[in-house]
Amino acid sequence: MQALTLANAPKQLAKFQSLIALFFLCLVISLLSDKFLTVANGWNVLRQISVNICISTGMTLVVLTAGIDLSVGSVLALCGAVTAGLLKNGIELPSANLFIGFTVFGSIISGIVLGTLLGWFNGFTITRFKVPPFVATLAVLTIARGLTMLWTKGFPISGLGSNFAYVGTGWLLGIPVPVWISAVIVLLAHMLTRKTPLGRYIYAIGGNESAARLSGIRINRVKMSVYAIAGALAAIGGIIVTSRLDSAQPNAGITYELDAIAAVVIGGTSLSGGRGSILGTVLGAIIIGVLNNGLVLLNVSPFWQQVVKGLVILVAVIIDKANSKE
Amino acid sequence: MKKTLKYILGLAALVFVAYNSVYFKKLDAVRASAHKQFDASAYARKYYDTRLKPALKNAVEINQLLALARVDKEAAFNRHSHALGIGNIRYFLVQGTGEITGINENDVAVISKNDSTQSALKIATEFVFGNAIRDASGLINLNEFSSTADFNNVSAEVNKIVRNEVLPAFKSTAKKGDRVHFVGAIELNRQHLKLDDLEIIPVALNLIKDK
């Protein structure tokens, strides 16, 4: 590790910019609100950001390949709704006089499989038909939202039972279950990016796709895998949201993709790919979560909250650009 | 050999997941044991006749409520409001007597006064929608319903009763200068309290013949 000297101090500090930003954010909010630095509020923030961590972890993998996935919010809603629908209503096959019921485990697995398939479909259209990721995932955003409305008929699906509610509201060893889920996801994704060939391929593709192709990396397969993982993680986010609310809302997850992208960018992952980390994204998600929580505690108008969040993202992108030039 | 073992393990995992994921039943049996379809119309009728109507006499007098809200907002909300959620929007079941000062396309303007306060109000006569009537009484609990759709349908049906049974008679006879006794629901925002130009969603409207 390079020693901290006066000459390289700015460069060294830049590595910890997200952490420094989080520290000052916490400091300012705790000075302005006595409710911020409490254990209950800490758990509250962690529970709230666990969904964004799930989505933004997948988004990080996508962005590292120089892609983008705008469909995660809609995929979240659809997978949450399908999970809830299967759990509550099962599937009826009148021609065979058969009712297929789903256990909590079965409905969750079905939701995750659906998310994976939708993510894979994103990757397929991007790699096979060379559709720009922005456009391909925008299309799936619309398709998934429409399918959610069709599946739910525009109404929430509620009353999903206490076993399912445990996923989003339960506690395990003194820690909320959604926090455990997001922690496991982060750990696995961190290991994937740092310790596996797939992780190295992801960075290689984002850094220089042509060079990666020439070095024998199967670009399409890696990209499809990455989008499939992002879809699966969005589905897990959807299951947590549905479980927390004990209700699948047809309009769930709207603008969640923007929060995920914000967490990725604030966490230092370059939108042009090849540079960034899962842990940085977690930090970004915490910053967004703390910012949201702080603005609510300080009684800031929801309209101003959006303005502030937008400005924070803008500053993060400008810093990212400045770092890229260096 | 290694590949075969991989396939066997994969298949075993798949069977395990499938076995723990789904169960099968005869559709006839499931349908027979399922709850009867919720009849929102019948529920609303019963609620309106047997629970809401008797509760109307307990509605707070509107000028009294507004006077209290002006001096002690929290007390007014805590004593007289109801709502399902934890938000700032809350509903009040109010009553009062007033003089009709105008008949408009969508509402009737009324001046209501008691000993100390005078309020200019609007009674909705065209657009009776939303959950104000259902929620203002605080008599219906969400947990009585198996789905929010059923719960919302009750609201729609109660509103329909008011539109079909309360408003036509009132609209056909009410004229400027008449006195009316009204009971209805109003919506107030605890955070951004606005006490002027209130609109009442009516539940009962009776013209007072003798001035």
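## Ring pair within chain B

F92(B) is buried, at a relative accessible area of 0%; buried denotes under 20% relative accessible area, exposed over 50% and partly exposed the range in between, with a 1.4 Å probe and protein chains only. F77(B) is likewise buried, at 1% relative accessibility. The ring centres of F77(B) and F92(B) are 5.1 Å apart and the planes stand at 75 degrees, so the pair is edge-to-face. Rings of Phe, Tyr and Trp (its six-membered ring) pair if their centres lie within 6.5 Å, and planes under 30 degrees apart count as stacked, over 60 as edge-to-face and the rest as tilted.

This pair links distant parts of the chain, 15 residues apart: F77(B) belongs to helix α5 (residues 73–80) of chain B and F92(B) to strand β4 (residues 89–103) of chain B. Helices (H or I, at least four residues) and strands (E, at least two) are DSSP runs, numbered from the N terminus.

## Basis of the model

The model is predicted: local features need pLDDT of at least 70 and side-chain atom pairs pLDDT 80 or more, whereas totals for chains, interfaces and linings use all residues. Residues are numbered from 1 along each chain as its sequence is written, chains are lettered from A and ligands numbered from 1 in the order in which they are written, and side-chain values use heavy atoms, leaving out hydrogens and water.

## Other aromatic features

Over all chains, the count of aromatic pairs is 6. One of them is the tilted pair of F99(A) and Y23(B), with 6.5 Å centre to centre and 55 degrees between the planes. This pair joins two chains, because F99(A) lies in strand β2 (residues 98–102) of chain A and Y23(B) in strand β1 (residues 22–26) of chain B. F99(A) is buried at 9% relative accessibility, whereas Y23(B) is partly exposed at 35%.

In chain A, one aromatic cluster is formed by W120(A), F124(A) and F129(A). In chain B, the charged end of R134(B) sits over the ring of F151(B), 3.7 Å from the ring centre; the criterion is NZ of Lys or CZ of Arg within 6 Å of the ring centre and within 35 degrees of the ring normal.

## Two helical residues of chain A

T57(A) is placed in helix α3 (residues 39–64) of chain A and is buried, at 1% relative accessibility. Apart from neighbours within four places in sequence, T57(A) contacts I185(A), V186(A), A189(A), L233(A), I278(A) and T281(A), contact meaning heavy atoms within 4.5 Å.

S110(A) lies in helix α5 (residues 104–128) of chain A. A polar atom of the S110(A) side chain is 2.7 Å from the backbone oxygen of G106(A). With neighbours within four places in sequence set aside, S110(A) is in contact with L86(A) and F102(A).

Methods
Polar contact = N/O pair within 3.5 Å; in protein donor to acceptor, adjacent residues only side chain to side chain.
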